[in-house]
Amino acid sequence: MASNFWTSSHYKQLSDQEEVDVVHPLDKEKGITLEDFKLIKMHMANYISKVAQHVKVRQRVVATAVTYMRRVYTSKAMSEYDPRLVAPTCLYLASKAEESTVQAKLLVFYIRKLYSDEKYRYDINDVLQMEMKILEALNYYLVIYHPYRSLSQLLQDAGLNEINMTQVTWGIVNDTYKMDLALVHPPHLIALACIYIATVLRDRDTTAWFEELRVDMNVAKFDSIVREIRRNLDMSASWNLSTDSSGGKGE
């Protein structure tokens, strides 16, 4: 595995947000809008997380799988690469890349257990065949750097490494995989943005620490990440309120 993010394939694969927010022409023909595109990817990220809980893999594997899935759809159409197959296959591939291998038959077992819809009824051969297609779509670049890697050290440097702050910040990092941030921004900037939001939520003053960091920070990108995460958190809160008021049922 590459030891330096700035020389890694992950860094070389970073895109502008405008490049990520593009619906494939084949999907446009099917009537998929940009909003639909984002919602489907968010749903598939949740799907990966749900299956991962049952096959018992680390959060890092989940994060890698979600990043693979999102990266696939920067070049491939959902109408050709069914998200309901791509998502678990990305989890299967990520488990191998992160040296926490899950057998394909176990994935298929839990998918069938969790989802009764026939549209989710893929078999082992389907997963194995899609794995090859995903590898090609990813150009065989499997190394992913995550914000978790620098989070502990940054929290310690900021004097925020107590359990409560660590848990809150870790949870916010997990939430970033509901977005395309990993395709656009370096992981250490995402980690810093998550720490900043955690300090706001927990009313912790780290102004001096962040001011020192801003000297070497891409402030515009940092502010953009903070806005994106906050927008997502606000959307999640609104969704939770709406589901609570309707008896816990989403549409």
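Visitor: How many salt bridges does the structure hold?

Guide: The structure holds 9 salt bridges. Side chains of opposite charge can pair when their charged atoms come close. The term is used here for a side-chain nitrogen of Lys or Arg within 4 Å of a carboxyl oxygen of Asp or Glu. Before we go on, please note that this is a predicted model, where local features need pLDDT of at least 70 and side-chain atom pairs count only at pLDDT 80 or more, while totals for chains, interfaces and linings use all residues. Residues are numbered from 1 along each chain as its sequence is written, and side-chain values use heavy atoms, with hydrogens and water left out.

Visitor: Which residue meets Lys41 in a salt bridge?

Guide: Asp180 does, with 3.0 Å from N to O. This pair links distant parts of the chain, 139 residues apart: Lys41 is in helix H4 (residues 34-55), and Asp180 is in the loop between helix H10 (163-175) and helix H11 (181-184). Helices are DSSP runs of H or I with at least four residues, numbered from the N terminus.

Visitor: Are Lys41 and Asp180 buried or exposed?

Guide: To read such words, look at the relative accessible area: under 20% is buried, over 50% is exposed, and in between is partly exposed (1.4 Å probe, protein chains only). Both Lys41 and Asp180 are buried.

Visitor: Where do Glu131 and Lys96 lie?

Guide: Start with the bridge itself: the closest N and O atoms of Glu131 and Lys96 are 2.6 Å apart. Glu131 lies in helix H8 (residues 124-137) and Lys96 in helix H6 (residues 83-97), so the pair ties together parts that are 35 residues apart in sequence. Glu131 counts as buried because its relative accessibility is 8%, whereas Lys96, at 33%, is partly exposed. As for networks, salt bridges that share partners join Lys41, Arg70 and Asp180 into one.

Visitor: What is the salt bridge partner of Asp82?

Guide: Asp82 pairs with Arg84, at 3.2 Å from N to O. Asp82 has 16% relative accessibility and therefore counts as buried, while Arg84 has a relative accessible area of 25% and is partly exposed.

Visitor: At what angle do H4 and helix H5 pack?

Guide: For angles, lines are fitted to C-alpha atoms, for helices over the stretch in contact, and the angle between N-to-C directions runs from 0 to 180 degrees. H4 and helix H5 (residues 59-72) pack at about 150°, and their axes are 10 Å apart. Under 35 degrees counts as roughly parallel, over 145 as roughly antiparallel, 65 to 115 as roughly perpendicular, and the rest as oblique. H4 and H5 are therefore roughly antiparallel.

Visitor: Which residues of H4 and H5 meet?

Guide: Contact means heavy atoms within 4.5 Å. From H4 come Lys41, Met42, Met44, Ala45, Ile48, Ser49 and Ala52, which meet Val62, Ala65, Val66, Met69 and Arg70 in H5. By class, this contact has 9 nonpolar, 1 polar and 2 charged residues. In that count, Ala, Val, Leu, Ile, Met, Phe, Trp, Tyr, Cys and Pro are nonpolar, Asp, Glu, Lys and Arg are charged, and the others, Gly among them, are polar.

Visitor: How do H6 and H8 pack?

Guide: H6 and H8 pack at an angle of about 75°, with 9 Å between their axes. The two helices are therefore roughly perpendicular to each other. Among the H6 residues in this contact is Lys96, and Glu131 is among those of H8. The contact of H6 with H8 has 10 nonpolar, 1 polar and 3 charged residues.

Visitor: What is the phi of Asn139?

Guide: Asn139 has a phi near 55°, a positive value in a residue other than glycine. Asn139 lies in the loop between H8 and helix H9 (148-157) and is partly exposed, with 47% relative accessibility. Asp203 also has a positive phi, about 55°, although it is not a glycine. Asp203 sits in the loop between helix H12 (187-201) and helix H13 (207-213), and its relative accessible area of 71% makes it exposed.

Visitor: Is Thr176 buried or exposed?

Guide: Thr176 is buried, with a relative accessible area of 4%. Thr176 is in the loop between H10 and H11. Leaving aside neighbours within four places in sequence, Thr176 is in contact with Leu181, Ile190, Cys194 and Ile229.
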